[in-house]
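Welcome! Take a moment to look over the sequence and turn the model around, and then we can walk through a few of its features together.

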Amino acid sequence: MRRQIAVIFALALALPAAAADSTLAATPPMGWNSWNHFACKVTAADVRAAADAIASNGMKDAGYVYVNIDDCWQGDRDEQGRIRANAKFGDMKPLVEYVHSKGLKIGIYSSPGPKTCARYEGSYGHEEQDAQQYADWGFDYLKYDWCSAERVYQRSQMVEVYKKMHDALVKTGRPIVFSLCQYGYERVWRWGASVGGNLWRTTEDINDHYDRMSVIGFDQDGLQPFAGPGHWNDPDMLEIGNGGMNHDESITHMSLWVLLAAPLLAGNDLSNMSQETLDILTNKEVVAVDQDAKGIQGRRVAQEGPLEVWAKPLADGGIAVGLFNRGESVNPITVNFKDLGFDRSVQIRDLWTHKDIGSFSGSYTADVPRHGAVLVKIR
Ligand code: GLA
């Protein structure tokens, strides 16, 4: 069984990384994105405040780096066709410099279509010019969102459409993380890396409810062969701290995302968050599972109705294991070590509480709350 698991996970490493640059996003990108909380209301001041928060509240130390502006920053184009920011942002250069001065990186957003999803100016017909503008401003990350491209291209043209922007980014000479956002159409995980994608959304949008988050997260099984250093499946940004999920649901969200080696882009208002939210986002042993150097995406190893066990092999030979209760009442969940390939007694550590639980043989059982999760490391 262990060999079987090893072979399945080894397949992931065998797939060609193609054009994706694995020095960029060697581990899943971590940071913040404006959309989930601020949506179209986002301003330059909100972005500065997010950078201030990350730099001072422990998030930077925990590995959060990118401060990403999503939709609704765009103004019109000047006579030469150069894109300008709207009045909420003014000149981008000082904002970029401010974020950089905090030791952080900054991201921007556009669409291959004429308009973005919120109907702001897209990059259609201006790809090279826009890529150069982002590089001139000093951006480090681009999320490129399909949106109205649907009106001017066939879906079968996605590969060339995304490659066009990747080539334009490369031409600038500036390393810019390339984030594909086209909702998982056309099995993007099969070609995302070949067009230089460092991450690609695998689904339609998340929202701040357990049902939506869990449908997305638990549906990711099977995509693990396509993820690896430099090129990641992206089940969308975090909703932790936005108010729609309780503590146990937020623990499930974070535990599942780290097992999936998902990008960790906080989506809440960082200058107004509870200690509880901050503790969930910055738990170092939990984040370490996501950022593990091997870059193997975890998978479901057992399921009994709404009770699921997921596992992610780690670089040090240990295995991170999540016990998830999607049911409506507390339930015991058992992980059988033979499902993980262990035929000896193992050591178990609780990653959320940082406690060694002890030595076990055969199996381990924990009571898991409704919609909650337990995350352990087994070795
Ligand atoms: C799409 C994307 C979201 C966000 C919005 C912005 O819905 O999937 O993540 O970027 O557009 O309009």
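## Around the ligand

In this predicted model, the ligand is surrounded by 13 residues. The closest are Asp70, Asp71, Lys143, Asp145 and Asp205. What kinds of residue make up this shell around the ligand? Seven are nonpolar and six are charged, while no polar residue takes part.

Three of these side chains are worth a look in turn. In Asp71, a side-chain N or O atom is 2.8 Å from an oxygen atom of the ligand. Lys143 has a polar side-chain atom 2.8 Å from a ligand oxygen atom, and for Asp145 a polar side-chain atom lies 2.9 Å from an oxygen atom of the ligand. On its own the ligand has 310 Å² of accessible area, and the protein covers 92% of it.

## The parallel sheet

Now let's move to the sheets. Strands of a sheet pair through backbone hydrogen bonds, and this pairing can be parallel or antiparallel.

Eight strands build an open sheet with parallel pairing, and their order is S9-S8-S7-S6-S5-S2-S1-S10. Strand S9 (232–234) and strand S10 (264–266) are at the edges; each has a single partner strand, so one side of each is left without a neighbour in the sheet. On average, neighbouring strands here are turned by 25° against each other, direction ignored.

Leu199 has Trp232 of S9 as its bridge partner.

## The antiparallel sheet

Another open sheet has six strands, this time with antiparallel pairing, in the order S11-S12-S13-S18-S15-S16. Its edge strands are S11 (299–304) and S16 (355–360), each pairing on one side only. Neighbouring strands of this sheet are turned by 25° against each other on average, direction ignored.

How are S11 and S12 joined? Five bridges link S11 to strand S12 (residues 307–313), and the two run antiparallel. Among the facing pairs, Arg299 has Ala311 in S12 as its bridge partner, and Glu304 stands opposite Leu307 in S12. The two strands form a hairpin with two residues between them, and in the turn Gly305 has a positive phi of about 60°.

## Helices on the antiparallel sheet

Which strands does helix H9 touch? Helix H9 (residues 210–218) packs on the sheet and touches S11, S12 and strand S13 (319–325). The direction of H9 makes about 50° with that of S12.

Helix H10 (residues 247–259) is another one to look for: it lies across S12, S13 and strand S18 (373–378). Against S13, helix H10 runs at about 145°.

Notes:
Residues numbered from 1 in each chain as written. Predicted model: local features only at pLDDT ≥ 70, side-chain atom pairs only at ≥ 80, totals over all residues. Heavy atoms only, no water. Pairing = 2+ DSSP bridges. Helix = DSSP H or I, 4+ residues; strand = E, 2+ residues; numbered from the N terminus. Axes fitted to C-alpha atoms, helices over the stretch in contact; angles between N-to-C directions. Contact = heavy atoms within 4.5 Å. Near = heavy atom within 4 Å. Polar contact = N/O pair within 3.5 Å; in protein donor to acceptor, adjacent residues only side chain to side chain. Areas by Shrake-Rupley, 256 points an atom, 1.4 Å probe, with all protein chains shown as cover. Nonpolar A, V, L, I, M, F, W, Y, C, P; charged D, E, K, R; others polar.
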